[in-house]
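Visitor: Hello! I am new to protein structures and would like to learn how to read one. Could you guide me through it?

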Amino acid sequence: METRQDAVTGTIGCAAAVLGTLAGIAVWLPYGRRSLSGAFEGETAPVVFLLGLPVMALGGATAALAVLAVVRGHRRLAAGLAAATAALAAFGYAFDVLAAPQALQDCGSPC
């Protein structure tokens, strides 16, 4: 049977995950908006919803839960969540989740 303290802890954990997800979306939003508004010759890139948004939302949630685990003193859980956050960051970096749209990058002298 759950106690009141367990219920409060679970509520705080859910709130931390939601706030972390919202923070990840807030970081992604400027990049996603530029891709959706027409980056290269007015072409939109709705693919940003398939890769960029999920990676940033999951990264924000895992980072927030890792911080909560550190605060609560769960070192092994915090290490696992930090590793998951690092893996998501590496995945996002490898696939340029926060890359600027094509039109905003300098394409060199032929342009």
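Visitor: Let me start with a single residue. Is Leu-19 buried or exposed?

Guide: Welcome! The general idea is to look at the relative accessible area: under 20% is called buried, over 50% exposed, and anything in between partly exposed. Leu-19 has a relative accessible area of 57%, so Leu-19 is exposed. Please keep in mind that this is a predicted model.

Visitor: Where does Leu-19 lie, and which residues make a nonpolar surface patch?

Guide: You will find Leu-19 in helix 1. Together with Val-18 and Leu-22, Leu-19 makes a nonpolar surface patch of about 300 Å².

Visitor: How should I read Thr-62: buried or exposed?

Guide: Use the cut-off for buried residues, which is under 20%. Thr-62 has a relative accessible area of 15%, so Thr-62 is buried. This residue has its place in helix 2. Now try looking across the chain: Thr-62 and Gly-20 are 42 residues apart in the sequence, yet their C-alpha atoms are separated by 7.4 Å.

Visitor: And what does Ala-26 count as?

Guide: Here the value falls between the two cut-offs of 20% and 50%. Ala-26 has 48% relative accessibility and therefore counts as partly exposed. Ala-26 is found in helix 1. Its C-alpha atom is separated by 9.9 Å from that of Leu-53, a residue 27 positions away along the chain.

Visitor: Let me step back to the whole chain. How many helices and strands are there?

Guide: Count the elements, then read them in order. The chain has 3 helices and 0 strands, and along the sequence this gives the pattern α-α-α. Of the 111 residues in the chain, 25% are buried.

Visitor: What is the volume of the second largest pocket, and how many residues line it?

Guide: The volume of the second largest pocket is about 190 Å³. Its lining has 15 residues, and those nearest its centre are Val-55, Met-56, Gly-59, Gly-60 and Ala-89.

Visitor: Which helices supply the lining of that pocket, and what kinds of residues does the lining hold?

Guide: Helix 1 (4–36), helix 2 (52–72) and helix 3 (75–94) each give at least two residues to the lining. Helix 3 supplies the largest share, with 5 residues. By kind, the lining of the second largest pocket has 9 nonpolar residues, 6 polar ones and no charged ones.

Key
Residues numbered from 1 in each chain as written. Predicted model: local features only at pLDDT ≥ 70, side-chain atom pairs only at ≥ 80, totals over all residues. Heavy atoms only, no water. 1 Å grid on protein atoms, 1.4 Å probe; cavity = no way out; pocket = protein on both sides within 12 Å on 5 of 7 lines; lining within 4 Å. Points joined across faces, edges and corners; volume = space filled by probe spheres on them. Helix = DSSP H or I, 4+ residues; strand = E, 2+ residues; numbered from the N terminus. Nonpolar A, V, L, I, M, F, W, Y, C, P; charged D, E, K, R; others polar. Patch = residues over 30% accessible without salt bridge, like charges linked within 9 Å, V, L, I, M, F, W, Y side chains within 5 Å. Areas by Shrake-Rupley, 256 points an atom, 1.4 Å probe, with all protein chains shown as cover. Salt bridge = Lys/Arg side-chain N within 4 Å of Asp/Glu carboxyl O. Buried < 20%, exposed > 50% of the residue type's maximum accessible area, 1.4 Å probe, protein only.
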